[in-house]
Structure formats: structure tokens, C-alpha cells
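Reader: I'm new to reading protein models. Could you walk me through this one, feature by feature?

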Amino acid sequence: MKSHTFAAQHRIAAVVLTVVLAVTAVFSQTLVASAADENVYCKQMGGGYCTLASATMMLRSKGKLEKMSGWTSITQQTLKSTAWINGAGLRHSFTYKGMSVSYGDFSKSDNKSTLIAMLKKHPEGVEIYERALPHAIFLTRYDKATDTFYCADPALTASERTLASSYLRHVSKSTKAATVQKDIVNGLDSYWYISRYNEEKATAYDSGDLPQNNTTVKTEPSAPSNTETQPAEETKPAEQTKPAEETKPVEETKPAKETEPAEQTQPVDKPEQTVPDSEAVKPDTGDTDGVQDDSVVKQNSSDQIAVGDDTDGGIVSDGSEPVEPDSDALQIKFDTVKSFGDVSFSDVRPGDWFYSSVQAAYEMGLMSGLSSSEFGVNGEVTIAQTVTVAARIYASNASYMGYQIPDFKPAEGEAWYTPYAEYAYEKGIIGTKYYSLMQTAPDQIADRGEYAEILSGALPEEALPAINSVPDGSISDVDINTNTGKAIYKLYRAGVLAGGTDGLYRPESSIKRSEVAAIVSRMADSDLRVAL
């Protein structure tokens, strides 16, 4: 009887234990996901604000965990007056609504263990920063069972995603999630975290007893003395995208004289730094002598580019509505770095179908004329010029996202295009095939297929979302199973390429500089892309 009683009691205890464990598990999951509220996450309010947006999410998450009634009112705009230095970036330390934020550097010896320990101590999450891009994101949690870090990337979407799928993935050349995560973690440079929470002050702010924005910055005793600042950048990444439409880098360079980046304008002036560098993380601006360095064109949507009679064919949509853009899509609008009013090209006149395209490409610093009086609209482009344009687009997008770019100045004795070739190869814009051509036949005329293939790598996937339905096989002279074919279909679907109604692209034909200008401008300004 005792044995039966004991067995029964044992079964009851087991059931109770199971229930307790289940409840504990649910409670634990609730804590882990406590910050996973759509109102916690946000996208950065513009290029260069990734650090501010990530800090905003971290403070919202803390406010939510502490049950602050006004945590949803924490925004990038309200935080900016306290935590931001114009022309510099996010402060290393500041206090906002009773929450003190401090800054630290990774030792590089074991970043993963540091992150796991930080997340255990700070369940609201921490902001991490990668100087190589540069870019900052909000790290939300770590799942030990799957060895996965999660985050919210303000450059992509206002939602949680794996660390390996964030914009920081671009520091890795791997496509394997585990390896990408490892590369990201090992490459991290610094972080922000909430070092102190003053419940009394937080309550006072919530009740309205104190102003909503504390403009006095308090430097926490525990904040590192490191004076290095970080780009308040966002990231973007942008990554690579391809020139669209007619395919050839309209480079401003023709092997010899026409082009070097030197002609390519200086980046837009940045605000003067008004505070010591040690107090903020400032954006990397790079050297101003490079091709279109720090800028991008903000083109008017009214300057729609229509590839008119000058094109020799294109693809036709299947008649369906434009595809809904991916939620991760990046809207691009490069800044203007020079004035088109300063030049007078005899072959570019108002009324020409390519006028606005040439103007946009020139103002963005992506193309120049063959001379001060001629753009060369009917000229062809070489492989070197195509790679150069692709590199400039990639670099301009990086600058648009707030990242540092090279000056592209060749070393003594180097060809003008060498820095572009090295940069394009290093960033994955081109592979071994075109890198070899840059060494052996840089002056070879590029055909429409080659141009599309090279340009397609100048922007990240997020920057080339599909807006057109172009079924496989609908371009009769393009094999979608080849690298060139994939690039052509990709650019048509993204609205970068456009053309006639005969269903042909003519990938082996040469491409004109006027067509290149149309493609380049569409790459650089999402508003100029064409819905078929």
C-alpha cells in the first residue's frame, strides 16, 4: 500500500514539477520577448541616424520593462536634443528620462561572451557598433538553444531579425548564417548600454514634473574615457546594386583623360563640429577628393527618365500590376555634389530624352563629360569605365548611408582605374572574370550584357526591390540561367532597365553613354525607376 501511495505521490510530484517547469518556461520566454513590441522598434529617420535610432529602441525597451507609462513617447526626435551632436553623432554618454547611457569598447578577445553577459545583465538589450561599415543596431537577445543573436536593424525594418540577416552581414563574405554571425560578433568595436535607471526621476518625467527632454548631458562615472567617436551612421548599407537600364558605366573616365575621380567633385559640406570629438560618435566622411565621395543626388521625381527612341529594345511586363516592394527595401536618393548649370555640353540639350538623366548622373558625381563641351552621348563605354561607375555607385550608396569611402586616387605609376578595380573586387561588385579583364583588357568595349552584370552588383539586394513583374523567359534573347541573364532580369524587375516592346534586350550590342546615364540615375534615385 505504501508503495502504491509513494508511486502516486511521485506521479503527482512529477506532474506538479512539469507544470512548474512549463510555467517557468513560459515566464522565461515572456521575459526574453518582453521587448518584442512593435512600438519598441523603429527605422532610422534618415541617413546617418542609425546610432540615434538604436539608442531610441534601447531606451524604449528599458522603459517598457520598467513599466514607464510614457515609454512609447520616446522618439528619435525627442532624444536627439539630449543625445545628439549635429555634425558629430551620438554622444558616448547621456541621461534621458532617468536612464543613464554609457559607452564601452570590445576587447576583441571574446566578444561573444561579452555580449551574452551584457544581455543577461541588460534584458532591455544593448546597442552595438561596427566601425568597418560603419553601422549601429539594437541587439535584443540571445537564444542559447540555437546559438543565435537577435536584433532590430534601423536601416532595414522596424522589427526583430537575426543578427546574421542585419546590415552588419556585409562585414562577412560567407553566406552561412553561423559564420556570418561569428564574423559580425568578432568584428564589433563598441557598444552603448543603460548603466543606471533612476526610478524617481523616470516617474517624475512620466508625471510631467520634469521636462520631457533633459538637455543637460550627464557623464556617468562608469563611462569609458575613450575619446573615439562613432559614426552616427546607419548602414546601410548599403550594399550593392546595379546600374540599371542601359548598361554601361557612364564613367567619367575614359582611359586616359576624361575621367579620373579628380574631376569628380567634392562631397557636400558637412556641418562644423561644435563640440569636442570625445563627446560623440561622428560619421566617417572619408576623403573629399575621391569620386563623388560623400554624396548622392537628390533628384526631383518630376525628372522622370523615359528611355525613348534611342534605345534598341527592351522587355515587356506581363501586364500585371507592379510587384509590391519588399518590406526590407531601401529607398535611395543620392545627394547632389555639383551643379549641372556650371557646364554646357553641346550634345545635351533640353528636350532630349536623355537630358534629365545626364543632368542627374553628372550632379551626383557619377559621370562627367568627355570634355568641358561634350558629354559624348553616342559614345561607347569600356570595361574599366563600367567597373568605375559601379564602384562609384557602391561608394555613393555607402556615403549616403553614412559610411567612409576611399578617395580612389591611384598611386604613383598606377592606372587611373586601378583603385576602382581593387575596390570593386574587394566589395564583391565584380568577381574574378571582370577583375582579370581589368588587368588584361580594361579598354575593351563593354556590351549591354556585361554592363548590366557589373552594375547589378553595385547596390545591395534591399536597394533593388522588384517593382515589375517580368516572368522568366519573357526576354527572348536573354538566358536567365546565366549570371548575365540573372542581372538583366533583376534590373528590369527593379525598374532600372526599360526599353521597347519587341521583347529583346540585345545583350551583345554596345551601350551608349546616354543610355548609361539613364541607368545610373535610376540606380541612384529610387523615384526615377520605371514601372513597366
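Predicted model: local features only at pLDDT ≥ 70, side-chain atom pairs only at ≥ 80, totals over all residues.

Reader: How many helices and strands does the chain have?

Author: Helices (H or I, at least four residues) and strands (E, at least two) are DSSP runs, numbered from the N terminus. Here you get 13 helices and 10 strands.

Reader: What share of the residues is buried?

Author: Buried means under 20% relative accessible area, exposed over 50%, and partly exposed in between (1.4 Å probe, protein chains only). Of the 532 residues in the chain, 53% are buried. Take Cys50: its relative accessible area is 0%, so it is buried. Cys42 has 9%, so it counts as buried too.

Reader: How many disulfides are there?

Author: A disulfide is a pair of cysteine sulfur atoms within 2.5 Å. Searching the whole structure turns up 0.

Reader: And what's a nonpolar core?

Author: In soluble globular proteins, nonpolar side chains tend to be buried together. A core is a set of buried Ala, Val, Leu, Ile, Met, Phe, Trp, Tyr and Cys residues joined through side-chain atoms within 4.5 Å. The largest one here has 70 residues, and Ile393, Tyr451, Val520 and Met523 touch the most other members. Helix 8 (383–400) is among the helices that each supply at least two residues of this core.

Reader: How many aromatic pairs does the structure hold?

Author: Rings of Phe, Tyr and Trp (its six-membered ring) pair if their centres lie within 6.5 Å; planes under 30 degrees apart count as stacked, over 60 as edge-to-face and the rest as tilted. The structure holds 19 such pairs. Tyr142 and Phe149 make a tilted one, 4.6 Å centre to centre with 40° between the planes. Trp416 and Tyr417 have ring centres 5.3 Å apart and planes at 85°, so that pair is edge-to-face. Both Trp416 and Tyr417 are buried.

Conventions: Residues numbered from 1 in each chain as written. Heavy atoms only, no water.
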